[in-house]
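Colleague: I'm new to reading protein structures. Could you walk me through a couple of features?

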Amino acid sequence: APALVGLPGATDAEIELAHVLVLRQRLRAAFEHDAPGLENRAALRHPVAKGWLVHCFTGLGALCGMFGLMAVGSGHRKAAIVWLVVAMVLDGVDGPAARAWNVSDHVPRIDGYTLDLIIDYVTCIVIPVLFMHRFHMLPRHLSLVFGSFVLFMSALWMSRTDQMTDDHWFRGFPCEWNMIVPTLFFIDAGKWFTAIACVLPMETM
């Protein structure tokens, strides 16, 4: 276009056409430059990619479990509770996402339900029980007894084949000790009150 502008015989129409051609070339070059990014974004929208994304998101709960165990072992109460909360958030998001994207159909190699159960047993049961024992929330000489009872009964409940209803509600107490134990800790519940709280919910199994 600049060359045409400098030519004495160039008409306005020819100059305008030259501008259009240059603009088209620039747009094509810009599109080709961004094409890899567009392909990557399209790949991320693929159902299989979404499925693996959900499974990886669920798997992050295992890291929360590891850091939570380390926090309890080191005596860091607040850090342990923070990791329980983070794991709870992850657990609350991955399920609806998996159902919305039909992850079990697109990535059948990985059983998201089994993965979720493995992580939940650690973050919802093992860490809270260790938390109660480590920070003396149970009667002194019976701490291991009540803790073992919770671990044993919770393992049985987690193995139920009918623990969920068709509309995704739990049958019986869902062993959400990751919510109960921090609550008992924050309200400074008595040791025998905490012990009773460990036993009563199991009656719904």
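Colleague: Which residues make the nonpolar surface patch here?

Modeller: Keep in mind that this is a predicted model. The patch covers about 740 Å², and its residues are Phe-57, Leu-60, Leu-63, Met-66, Phe-67, Met-70, Val-85, Val-89 and Val-93.

Colleague: Which elements give two or more residues to the nonpolar patch?

Modeller: Those are α3 (47-73) and α4 (77-100). The largest share, six residues, comes from α3. Phe-67, for one, sits in helix α3.

Colleague: Okay, and how are two packed helices described?

Modeller: You give the angle between their axes and the distance between the axes. Take α6 (residues 112-134) and α8 (residues 177-186): the angle is about 25°, and the axes are 8 Å apart. Angles under 35 degrees count as roughly parallel, so α6 is roughly parallel to α8.

Colleague: Which residues make the contact?

Modeller: From α6, they include Ile-125 and Phe-131; from α8, they include Trp-177 and Val-181. The residues of this contact split into eight nonpolar, two polar and no charged.

Notes: Residues are numbered from 1 along each chain as its sequence is written. This is a predicted model: local features need pLDDT of at least 70, side-chain atom pairs count only at pLDDT 80 or more; totals for chains, interfaces and linings use all residues. Side-chain values use heavy atoms; hydrogens and water are left out. Axes are lines fitted to C-alpha atoms, for helices over the stretch in contact, and angles run from 0 to 180 degrees between N-to-C directions. Helices (H or I, at least four residues) and strands (E, at least two) are DSSP runs, numbered from the N terminus. Angles under 35 degrees count as roughly parallel, over 145 as roughly antiparallel, 65 to 115 as roughly perpendicular and the rest as oblique. Contact means heavy atoms within 4.5 Å. Ala, Val, Leu, Ile, Met, Phe, Trp, Tyr, Cys and Pro count as nonpolar, Asp, Glu, Lys and Arg as charged, and the others, Gly among them, as polar. Patches are made of residues with over 30% relative accessible area and no salt bridge: like charges are joined within 9 Å, nonpolar side chains (Val, Leu, Ile, Met, Phe, Trp, Tyr) within 5 Å. Accessible areas come from the Shrake-Rupley method with a 1.4 Å probe; for residues, only the protein chains shown count as cover. A salt bridge is a side-chain nitrogen of Lys or Arg within 4 Å of a carboxyl oxygen of Asp or Glu.
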